[in-house]
There are 2 protein chains.
Amino acid sequence: MFESAEIGHVIDKETYEAEVPALREALLEAQFELRQQQRFPVIILINGIEGAGKGETVKLLNEWMDPRSIEVRTFDQQTDEELARPPAWRYWRMFPAKGRMGIFFGNWYSQMLQGRVHGLFKDPRLDQSINGAERLEKMLCDEGALIFKFWFHLSKKQMKARLKALADDPLHSWRISPLDWQQSATYDKFVKYGERVLRRTSRDYAPWHVIAGVDARYRSLTVGKILLEGLQSALKRPRIHPHKVSAAPLFPSVDQVNLLDSLDLTQQLDKDDYEEQLITEQARFSGLMRDKRMRRHALIAVFEGNDAAGKGGAIRRVAAALDPRQYDIVPIAAPTEEERAQPYLWRFWRHIPARGKFTVFDRSWYGRVLVERIEGFCSKADWMRAYGEINDFEEQIADAGVIVVKFWLAIDKQTQMERFQERKEIPFKRFKITEDDWRNRDKWDDYRAAVGDMVDRTSTEISPWTLVEANDKRWARVKVLRTINQALEEAFEKSDKREKKLQKRKR
Amino acid sequence: MFESAEIGHVIDKETYEAEVPALREALLEAQFELRQQQRFPVIILINGIEGAGKGETVKLLNEWMDPRSIEVRTFDQQTDEELARPPAWRYWRMFPAKGRMGIFFGNWYSQMLQGRVHGLFKDPRLDQSINGAERLEKMLCDEGALIFKFWFHLSKKQMKARLKALADDPLHSWRISPLDWQQSATYDKFVKYGERVLRRTSRDYAPWHVIAGVDARYRSLTVGKILLEGLQSALKRPRIHPHKVSAAPLFPSVDQVNLLDSLDLTQQLDKDDYEEQLITEQARFSGLMRDKRMRRHALIAVFEGNDAAGKGGAIRRVAAALDPRQYDIVPIAAPTEEERAQPYLWRFWRHIPARGKFTVFDRSWYGRVLVERIEGFCSKADWMRAYGEINDFEEQIADAGVIVVKFWLAIDKQTQMERFQERKEIPFKRFKITEDDWRNRDKWDDYRAAVGDMVDRTSTEISPWTLVEANDKRWARVKVLRTINQALEEAFEKSDKREKKLQKRKR
């Protein structure tokens, strides 16, 4: 994999100086066009051997292009805000907006390579990370991002010579960190695992480019030309407008029976039972949130449902059990300008709770496979791939200890009509009913189909959907709280078991 | 100041239950209207004696109103990302957007009171903090924010009784932290300094409301009614549209001589001198940025100037001295939707560099007194008060060790014309010239006047303006770098002196 990079490519000064001006001009043009189109972001990943010219090349790119639309990001020590959240959060918060370029030093690849080289974990975990990186990049590319992955290479001999030369030069010796020397000792491992990573993550949509690092002119020209070509061809890609596809279910069930038909919407609680059970569940919830095991977890509750199904009321009963300092409620409406300039999931990643905290999403990332699918706000390809992306997303946050509980509050068409009428009549509820609600009602069957597909494709063991019979608000509220409590208790029990196993192993 | 709050207000259950439904409904209505108008944010500060019902009241407000547009924020331990930036940064990042409500527990007042009560500093520092709070709130209100400040009060006797009751109740004893007991010991001091703070920061635009905390029904009704009245009257305030005021200088100088006339724009450097001096200054800059004293500082460079004055080129020469991982370049264009929903300075606060880092602003907060003033994008009142707000802002960040260097790159009208022509002709520069540039050129004299006022009003000892003669690009670039270097050296020397003093005192 690195053979070609070790044969010693060299570009002479004349050739270099003859080629650079035109290359630079073309890069500036492309960068300008990128900024004008504001159609996609560019993400450049910088990895490889120390001393192979990573820093120098990035510096050069900043000089060749307009540094005002380039963001260079390093990811070394995690801050405590980052440590309190799933590992990918730190990358998500740093993604460049459409029209801009982000150069990521010390990205997900360096993290997995360091971990494997230093024996923090073995091949299976490495392969998991590789798989995660692949899915992340696939999603970014599907969202339009242009990704360049550069591996700067040196042979072992070249690296040692380079480090020595730097160390001997008083002007540059400060640039060698203890880490660099350490890498000299782990070169073989680093290259071995590097190869594994490159092999598995070089994909048509985001291939690796191995750059021979020994000659500065060669590597600069090579990187510049790869960037230019990639940029130019991406800029020429036709703009894809979301097809206004009809919202047919993926594979409508032959007998027309939908998951939602299986709900017994007549279930209800009388007032006394309700009040007793509500208080019990609220007290239980409040206790669980104060449990010290909660410090290792975070909680997310997602509320979706028919219009007027009582999401707001249920959320209020959940919140009422807690001190308002413990939770955040994030209402999801149309994305803002800054959110539209990022991949779809970005606006949810930014609200991921820190450990110990609780976030309620009033509507959520499922908008893509519900309203966006039905209204044609995105292409069929977009919402079709969203199921997988959402599963990946939920798996990532679950792996970091986030407990995700998802509710679909279901009512029947008659109940909805009664509630719409009621809202129109009661003054302080009138703001709860809008034109959109009536329009959505006309699409009742489309939603029914979309909900069926959503649950089939995204109700997973790590993050199951709970369908809530919500014709009776009391029943719904108690069921919501009880479900959250069960999820917390199960998660705590699992933590306990894991803890005990670890304790045993230590003995 | 607290007398009325100690006489023992009580509301009986009947009165309470009779009044709450209507109050709640009206609050919901007002909140809805707030969200619809999206015209201003509501900031609610919660302070006062422990045990006086702060938490309970906030919980109740969340129950009465729609919690989905309320954000409850606590500010206890600073995170390391917050510690690396000026103290106010943590508040700025949490301000609610227009149309939303933010409840701030543990705000700037609690921080200054804790500090004074525990003897971390004396009255002069307290008064500085008070003054800072006043200016912050004045600015927020001028930007449209509606601020409520509640001081929940208990007499010493009431507080002791309350803490004891809580401790004895097994269901509630967890709610008393060691801090609460500590406050019991420091009650007198807390009230004494509390009074000083309230007295000085109760202003017409953001008065304090002292709430008698002993009776839950009394305090709930009181807070609810104050909120309701404040909200309703703010919602009725007429919308102020920015007046398209003519951009006359504040007090045009009688002889028509402007500060910019005092510049000798013929100054220049020949190529050899330029190259030598540029390399020298870049090396000096690179060394200073690696100086270990830089870890206590951050650096901000602001670039303003005539169109085509060479800001981009100067920024490139500054950046070229550094590793791209050390700096961020923030180009300032029209604010995004999220930025428009916040006070004017918010979009600059979000880019304040962490300690050790460097941020270049390509155009800046001075847009308000330049383009916004001239184009009438804000009212005369807005840009008039901006001078003071900007000075406050720069003082705050300077106090936290941020070194601010500000450049106005000045060229004459003839030079600008030549550069515009050149840009039109050279293909890869064509994107640098837009319709706006020609329009701005027609307003040359307005800008001249605005720059004069800007420098007169915001060139301060802690953050002086440097006017850069930029007809000759070489001269300008060297002057920019040299000025930055001098600013860094001065700041380091000051740090050294302070350090030495501290060392002496310790001996």
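Of the contacts in chain A with a separation of 6 or more, 82% are between residues 24 or more positions apart. The model is a predicted one. Chain A contains 20 helices and 10 strands, and its C-alpha trace spans about 85 × 60 × 45 Å along the principal axes. Of the 507 residues in chain A, 55% count as buried.

The relation between the two chains was examined by superposition. Two copies of a chain are related by a rotation about an axis and a shift along it. Here, chain A is superposed on chain B by a rotation of 180° with 0.0 Å of shift along the axis, and the RMSD is 0.0 Å. This is the relation of a two-fold axis. Of the interface residues of chain A, 100% are also interface residues in chain B, so the copies meet through the same surface.

The contact draws 50 residues from chain A and 50 residues from chain B. Between them, chain A and chain B bury about 4,700 Å², and carbon and sulfur atoms carry 53% of this area. Across the interface, 22 residue pairs are in polar contact, with both residues at pLDDT 80 or more. On the side of chain A that touches chain B, the elements giving two or more residues are the helices α1 (13-37), α2 (54-64), α3 (80-83), α12 (311-319) and α13 (337-340), together with the strands β2 (70-73) and β7 (327-331). The element that gives the most to this side is α1(A), with six residues. By residue class, the side of chain A that touches chain B divides into 20 nonpolar, six polar and 24 charged residues.

Salt bridges were also counted at the interface of chain A and chain B, and 10 were found. One salt bridge joins the side chains of E337(B) and R340(A), with an N to O distance of 4.0 Å.

In chain B, helix α1 covers residues 13-37 and includes Q37(B). Q37(B) has a relative accessible area of 15%, and because buried means under 20%, this residue is classed as buried. The side chain of Q37(B) reaches the backbone oxygen of L235(B) at a distance of 3.2 Å, a contact made within chain B.

Conventions: Residues numbered from 1 in each chain as written. Chains lettered and ligands numbered in written order. Predicted model: local features only at pLDDT ≥ 70, side-chain atom pairs only at ≥ 80, totals over all residues. Heavy atoms only, no water. Contact = heavy atoms within 4.5 Å. Buried area = accessible area lost by both parts, 1.4 Å probe. Polar contact = N/O pair within 3.5 Å; in protein donor to acceptor, adjacent residues only side chain to side chain. Helix = DSSP H or I, 4+ residues; strand = E, 2+ residues; numbered from the N terminus. Nonpolar A, V, L, I, M, F, W, Y, C, P; charged D, E, K, R; others polar. Least-squares fit on C-alpha atoms with pLDDT ≥ 70 in both. Buried < 20%, exposed > 50% of the residue type's maximum accessible area, 1.4 Å probe, protein only.
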